[in-house]
Amino acid sequence: MQSTVVPMPTKPLIHQLGQTLRELGQHPYPHVPNPPDCMKRAAVALIIRVRPTFPDQGFFESKSCGPEAGTKNQRLENFFAQEWVQRGDPEVLFIKRAARDGDRWTSHVAFPGGKRDSEDESDSTTSIRETKEEVNVDLSADHALLVGNLSERVVTTWLGKTP
């Protein structure tokens, strides 16, 4: 039997993740306004957590990573500098939408999120509210760090019209 050796990346995934999140925080994507004839807007949350590996028992250090620790970039630096994080495994949260007849999103796998309500101040507010409603994860808590936004886009139908 022949075995195949898969080369490991030069940097562990966790270091690449930290670098990507720092870049995203420093260089946010520009806001894309709605077209004049489209008032609908939606937002989703990309939630990444780091799962400690055995025998680490990682925990969030509020004094070095919480809001009192300084800027978003400093909080990211402090978080990724922790030994348990450097050895941890990053995970992404997906949801599977309910299966319902007539629902065009039935059984889709997605990030948590949804339609922006009139009382939502921003897309970020929408994603925080929708995430709490859908999976009961509070992104406004001190242990959550909102890094930045992904690129915004105007969604069109298959006919090229905005919904």
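Hi everyone, thanks for coming. Before anything else, please keep in mind that this is a predicted model.

Let me start with two helices. Helix 1 covers residues 13-26 and helix 3 covers residues 72-81, and their axes come within 10 Å and cross at roughly 175°. Since angles over 145 degrees count as roughly antiparallel, that makes helix 1 roughly antiparallel to helix 3. So who makes the contact? From helix 1 we have I14, L17, G18, L21, R22, G25 and Q26, and from helix 3 we have K72, N73, L76, E77 and F80. If you sort those residues by class, you get 5 nonpolar, 4 polar and 3 charged.

How many aromatic pairs does a search of the whole structure find? The count is 3. One of them is F79 with F80, with 5.2 Å centre to centre and 85° between the planes, an edge-to-face arrangement. Both residues are buried: F79 has a relative accessible area of 19%, and F80 has 11%. For F79, that value falls under the 20% cut-off for buried. F79 and F80 also belong to one aromatic cluster together with W84.

Now for another pair, F94 and F111. Their ring centres are 5.3 Å apart and their planes are at 15°, so this pair is stacked. F94 sits in the loop between strand 3 (89-92) and strand 4 (95-96), while F111 sits in the loop between strand 5 (109-110) and strand 6. The two are 17 residues apart, and the pair links distant parts of the chain. Are these two residues buried or partly exposed? F94 is partly exposed, at 48% relative accessible area, and F111 counts as partly exposed too, at 24%.

Helix 5 has 13 residues, and the distance from its first C-alpha to its last is 18 Å, close to the 18 Å expected at 1.5 Å a residue. Which of its residues are buried? They are D123, T126, S127, I128, R129, E130 and T131. Among the elements that cover them are strand 1 (42-44) and strand 6 (113-115).

I'd like to zoom in on S127, which is found in helix 5. S127 counts as buried, at 9% relative accessibility. If we leave aside neighbours within four places in sequence, S127 is in contact with A43, V44, A45 and L139. Compare sequence and space for S127 and L46: they are 81 residues apart in sequence, and their C-alpha atoms are 9.2 Å apart.

Last stop: backbone angles. N136 is exposed, with a relative accessible area of 56%. There is also S107, in the loop between strand 4 and strand 5. S107 has a positive phi of about 65° although it is not a glycine. As for accessibility, S107 counts as partly exposed, at 32%.

Definitions and conventions. Residues are numbered from 1 along each chain as its sequence is written. This is a predicted model: local features need pLDDT of at least 70, side-chain atom pairs count only at pLDDT 80 or more; totals for chains, interfaces and linings use all residues. Side-chain values use heavy atoms; hydrogens and water are left out. Axes are lines fitted to C-alpha atoms, for helices over the stretch in contact, and angles run from 0 to 180 degrees between N-to-C directions. Helices (H or I, at least four residues) and strands (E, at least two) are DSSP runs, numbered from the N terminus. Angles under 35 degrees count as roughly parallel, over 145 as roughly antiparallel, 65 to 115 as roughly perpendicular and the rest as oblique. Contact means heavy atoms within 4.5 Å. Ala, Val, Leu, Ile, Met, Phe, Trp, Tyr, Cys and Pro count as nonpolar, Asp, Glu, Lys and Arg as charged, and the others, Gly among them, as polar. The expected span of a helix is 1.5 Å times one less than its number of residues. Buried means under 20% relative accessible area, exposed over 50%, partly exposed in between (1.4 Å probe, protein chains only). Rings of Phe, Tyr and Trp (its six-membered ring) pair if their centres lie within 6.5 Å; planes under 30 degrees apart count as stacked, over 60 as edge-to-face and the rest as tilted.
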